[in-house]
Amino acid sequence: MIDWIFFSVRKFKIKEEIVSKENKKRRTNLRKKFILLLGEVGMKKALLCSLLFFIGMNIVSASIDTAHEYVLMDETTGRVLAGKNYNTPMLIASITKIMTCLLAIESEKLEDTVVVDEVIKESYGSGIYIEVGEEIKLRDLLYGLMLRSGNDAALMVAEYVGGSVEKFVEKMNQKAKEIGMTNTIFVNPSGLDNSDSGNYSTAYDMALLTRYAMKYEDYREIVKTKSYTVKTNKKTYVWKNKNKLLAEDYITGGKTGYTEKAKRTLVSTASSDNIDLIVVTIKDSDDWNTHKSLYEYAFNNYIAYRVLNKSKFEVIGDTYYHGEFYIKNDVYIPFKKDELGSLVGKIQLEKKKNYKENDKVGQYLIYLDKTLLYKENIYIENIEKKNKGILDCLKGIM
């Protein structure tokens, strides 16, 4: 059983806030639009327009009304910043392929050469049109999977990584449970559905999956790619990404989806001013604009604050450890300014009997009121320097 020591940081100090030139420009453009609006309506209506404008800065745009289900999530903490019906299971179409891609990456077989076999003949709908007997690296199949939404690529990836499509689907559902996707069930690796079955999930669960996948550099590199060329023993392919949102400078990736039953589904990720975001929409006829509206809302209303930095620190009141504590990362979390007074930091140290240089010895916990937002591991170093006792000191002068 682990023995813990707890320390509360009552006065939580925010280190700094960062607003880039790009975001300042974005906010300036909004003000310019407001000034033009005042010029059009006249000064008599200026006060009313002013009120509506500044209220509008703090609510999500009405252009998201087309979404049956959506979520806006902070990638760093997993906190939901805005949403609608986001825990309702629905058909998800090809955003399923995020899980297929993730499992392939975790297989650590990306440099393997895959020989395409008969399983692809079961594919229909969107494809990259690979052929039986074609030799292609697993990594290249993932580009075809994610950029062009190839259902044939999905089947080939599943069979190669899982041993069979059926076993791969078992892995998909097992991974979903590990990630915490409690309202998700996968029946195939592509997202295709029919009158009897299909893959069901929620906007929230798919955001959790995306947040998990974004930890992998290979995944981030694939989904941000606008165009990819690959040559096999039979063909040369040039694949253009179907994700039109990549035209926006702040978009870092995502996955499109559509079937007749599921309608349009879309996952995207974005980053600006140390704010990393995820948006998922399900059954949304105007999903491109919904995603842009949600990002605009977040970037205009939240600021990234550095709540932790990777410099060394002391824990006041700790008499157990003899060394210097440190964390490995600067941590930025987006907040509205009126939320800062509700932040609480807590340090949780494990009473390790034997500890050595750079051991993990605890966690720094960040709370918003009573809700845990974030955990960061605490490490220790320079133990010998601070661990010298009286005998050691005497030895030095004798």
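Analyst: One term is needed first: a residue is buried under 20% relative accessible area, exposed over 50%, and partly exposed in between, with a 1.4 Å probe and protein chains only. The model is predicted, so local features need pLDDT of at least 70 and side-chain atom pairs pLDDT 80 or more, while totals for chains, interfaces and linings use all residues. Residues are numbered from 1 along each chain as its sequence is written, and side-chain values use heavy atoms, leaving out hydrogens and water.

Let's start at Arg 139, which is partly exposed because its relative accessible area is 22%. Arg 139 takes part in salt bridges, meaning a side-chain nitrogen of Lys or Arg within 4 Å of a carboxyl oxygen of Asp or Glu. With Glu 111, Arg 139 makes one whose N to O distance is 2.7 Å. That bridge joins distant parts of the chain: Arg 139 sits in helix α4 and Glu 111 in the loop between α3 and β6, 28 residues apart. (Helices are DSSP runs of H or I with at least four residues, strands are runs of E with at least two, and both are numbered from the N terminus.) Glu 111 is partly exposed too, at 44%.

Arg 139 also forms a salt bridge with Asp 218, where the closest N and O atoms are 3.1 Å apart. This second pair again links distant parts of the chain, since Asp 218 belongs to helix α8 (residues 217-224), 79 residues away from Arg 139. Asp 218 counts as partly exposed because its relative accessibility is 29%. Lys 137 joins in as well: Glu 111, Lys 137, Arg 139 and Asp 218 are linked in a network of salt bridges.

Now follow α4 (138-147) to a neighbour, α5. The buried residues of α5 pack against α4, and also against α3, β6 (113-115) and α6. Ten of the twelve residues of α5 are buried, so this helix is mostly covered; among them are Leu 155, Met 156 and Val 157. The helix has the expected length: at 1.5 Å a residue, counting one less than the number of residues, α5 should span 16 Å, and its end C-alpha atoms are 16 Å apart. Just after α5, Gly 163 takes a positive phi of about 90°.

Next comes α6 (residues 165-179), whose 15 residues should span 21 Å, in agreement with the 21 Å between its end C-alpha atoms. Its buried residues include Phe 168, Met 172, Ala 176 and Ile 179. Residues three or four places apart point the same way because an α-helix has 3.6 residues a turn. On the other side of α6, Glu 166, Lys 167, Glu 170, Lys 177 and Glu 178 are exposed. The cover over the buried residues of α6 includes α3 (97-106), α5 (151-162) and α7 (203-213). Just after α6, Gly 180 has a positive phi of about 100°.

To place this part in the whole: the chain has eleven helices and 19 strands, and 51% of its 398 residues count as buried. The salt bridges number 16 in total.

Methods
Contact means heavy atoms within 4.5 Å.
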